[in-house]
Number of protein chains: 2
Amino acid sequence: MRVAILAHEKFPDRAKTALGVLRYADYEATAVLDRETAGNRVTDFVPDVQDAPIVEGMADLEPGSVDALLIGVAPIGGGFEESWREDVRTALEYGCDVIAGLHYFLEDDDEFARLAAENDCELWDVRKPPADLTVSEGVAAEVDADVILTVGTDCSVGKMTVSMELARDAREAGYDAAVIPTGQTGIMIEGWGNPIDRVVSDFTAGAVEEMILEKGDEHDYLFVEGQGSIVHPAYSAVTCGILHGAMPDKLVLCHVAGRDAIHGYESFSLPSIPAYVDLYERLAEPVAEADVVAGALNTAGLEADAAERAVDEYGDALGAPATDVIRYDTDPLLEALL
Amino acid sequence: MRVAILAHEKFPDRAKTALGVLRYADYEATAVLDRETAGNRVTDFVPDVQDAPIVEGMADLEPGSVDALLIGVAPIGGGFEESWREDVRTALEYGCDVIAGLHYFLEDDDEFARLAAENDCELWDVRKPPADLTVSEGVAAEVDADVILTVGTDCSVGKMTVSMELARDAREAGYDAAVIPTGQTGIMIEGWGNPIDRVVSDFTAGAVEEMILEKGDEHDYLFVEGQGSIVHPAYSAVTCGILHGAMPDKLVLCHVAGRDAIHGYESFSLPSIPAYVDLYERLAEPVAEADVVAGALNTAGLEADAAERAVDEYGDALGAPATDVIRYDTDPLLEALL
């Protein structure tokens, strides 16, 4: 599928979804839409992902050159920015599907719904949970696959990226591994999944369990994309539901070098790394015995020397192999996990 | 408000909502509807609650003798039983409001919606969350009130009952105490509240925080009705969201004497009582430092001697005062809490 990726005024640093799709998805990127960086190419900014031209809008692309428009940015609050309307309109008039992970559902927008019907296009609101979810039965551990869950010290520490990198490298090493996507970017990359942060709270664990049961006998390893943090003042419910719903065999603790307070909630200090390990393991244990057997540290903000030192210190604090999965290779983690 | 309480074929033992309302709500109970026990009175079965006659259906009551029909039973799955339709229809024709805590919303039922409109009645689906909920800001601790949260070793161990008993006895002792209701029975009793198990998972903590902020400067003590258990395979997300959203000052651990496995999930053993204390306190700590300072044990299944021994043992395991709040008085707990 050929996609145009909308990332107006935010590419690359504030377009996490666009970057994730360029890096991990099987889509062919026809273009990135960003009216601020138009005229450049993706690899002018980010060297190690799929390249594509950056253009001002859908109107710069030929009808028939794209199959879908994908909204690759997520504004705070998840609303739809009216300045994107013209691009979505043009995409639908071109006959493209539109894929979005906003809290605002495109299918509830009268104009988009009408244009989609007229042009026989699909509006895929990936953040809209399926209607048939229910409570967990506590049986995810019964699948054949080993279940590996990424957990974090905070939001935005790289759980999605780590899940994708580990699954990809495991597959390249000859293992049968799949990702269980739980958030909008993961779902867009994989083309399926339940948006766990949007399900009814009683069904949080059940919505994860349903995915594990669906894929767990088809693969040897499942990498479950974690969400939030078990001590996050706002999002810990989602984290806890995933932990118990997935019934993991192993945990990978993700962290950002130097972060010492909850992002956006700076009055809350992060516990120590050993405290996280202890808390995740103890909380998992009555439902599924799972140890933190590896760590992933995002060192993007550090120079080479400092990054190496930070990874070493992180591994020592964890008592387990650690790496930065973007900066270095993932072998030490895969050895501990597979 | 004068209410008729529907509890067909389930009164009293399997009508938890009906009993909760009879025991704690300010409503005047005109009748209980139960076609199986009709002809008896409430106090023939349960001595220590508001009395009322038990009748076969709404048609046995005079029009004008009741203000609302309240659905006092919750079938597995939360569906509407068609055998109740005639009673709801009659209630609406009498001009009564109808209050229900089902997953099936009465307002989405065409016949009930039409009859309610024709007769100027309200359909109150207490399990339908308000549309304006959002994520927690992590500020519940800023209210003036001391926040006391009931937590549990499992579902159905008495968290709602303990919250109600403690708040009532605190008020009777002259303290300014209120309940923060989080489940359908609590919401029916109090006449307001957010059904936390039905909110979007991302808003679990936020939906609790919103209630604490609303009431926290009006009272000296808030008793927050807890839900589920932090190690429940299906419902731990809700528990965790309430724990962090409420930012409690103190915790009361609720348990049923003799229970050793998760109800309905019997392959999952309960951790030891000290393990629960440790887990709840450690999980709360990074967001709000809260100790388990009291325990409530449901000893309904035990003879007097055994009950006393069980409470003593429970208190020893907790290292805190404990009692059965229905069987004995709540003084030892209130002393530790207020």
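**View 1. Helix 7 of chain B and helix 8 of chain B pack at about 40°, and their axes are 7 Å apart.** Axes are lines fitted to C-alpha atoms, for helices over the stretch in contact, and angles run from 0 to 180 degrees between N-to-C directions. Helices (H or I, at least four residues) and strands (E, at least two) are DSSP runs numbered from the N terminus. This is a predicted model, in which local features need pLDDT of at least 70 and side-chain atom pairs count only at pLDDT 80 or more, while totals for chains, interfaces and linings use all residues. Residues are numbered from 1 along each chain as its sequence is written, and chains are lettered from A and ligands numbered from 1 in the order in which they are written. Helix 7 and helix 8 of chain B are therefore oblique to each other; angles under 35 degrees count as roughly parallel, over 145 as roughly antiparallel, 65 to 115 as roughly perpendicular and the rest as oblique. Their crossing is right-handed, the near helix being turned clockwise from the far one by less than a right angle (anticlockwise for left-handed). From helix 7 of chain B, Thr204(B), Ala205(B), Gly206(B), Val208(B), Glu209(B) and Ile212(B) meet residues of helix 8 of chain B that include Ala237(B), Val238(B) and Gly241(B). Two residues are in contact if their C-beta atoms, placed from the backbone, lie within 7 Å. This helix 7–helix 8 contact in chain B comprises seven nonpolar, five polar and one charged residues; Ala, Val, Leu, Ile, Met, Phe, Trp, Tyr, Cys and Pro count as nonpolar, Asp, Glu, Lys and Arg as charged, and the others, Gly among them, as polar.

**View 2. Helix 8 (residues 236-246) of chain A meets helix 8 (residues 236-246) of chain B, the axes coming within 7 Å and crossing at roughly 155°.** The two helices are therefore roughly antiparallel to each other. Helix 8 of chain A passes helix 8 of chain B in a right-handed crossing. Ser236(A), Ala237(A), Val238(A), Cys240(A), Gly241(A) and His244(A) make the contact on helix 8 of chain A, and Ser236(B), Ala237(B), Val238(B), Cys240(B), Gly241(B) and His244(B) make it on helix 8 of chain B. Six nonpolar, six polar and no charged residues take part in this contact.

**View 3. The contact between the chains takes 32 residues from chain A and 31 residues from chain B.** On the side of chain B that touches chain A, helix 7 (204-215), helix 8, strand 12 (265-269) and helix 9 (273-284) of chain B each supply at least two residues. Helix 8 of chain B gives the largest share, six residues. This side of chain B has 19 nonpolar, eight polar and four charged residues.

View 4. Pro12(A) lies in the loop between strand 1 (2-6) and helix 1 (16-24) of chain A, and Pro12(B) is in the loop between strand 1 (2-6) and helix 1 (16-24) of chain B.

**View 5. Met247(A), a residue other than glycine, has a positive phi near 45°.** Met247(A) lies in the loop between helix 8 and strand 10 (250-256) of chain A. Met247(A) is buried, with 26 other C-beta atoms within 10 Å; a residue is buried if 20 or more other C-beta atoms, placed from the backbone, lie within 10 Å of its own, exposed if 12 or fewer, and partly exposed in between.

**View 6. Asp120(B), which is not a glycine, has a positive phi of about 60°.** Asp120(B) is placed in the loop between helix 4 (110-118) and strand 6 (123-125) of chain B. Asp120(B) is exposed, with 9 other C-beta atoms within 10 Å.
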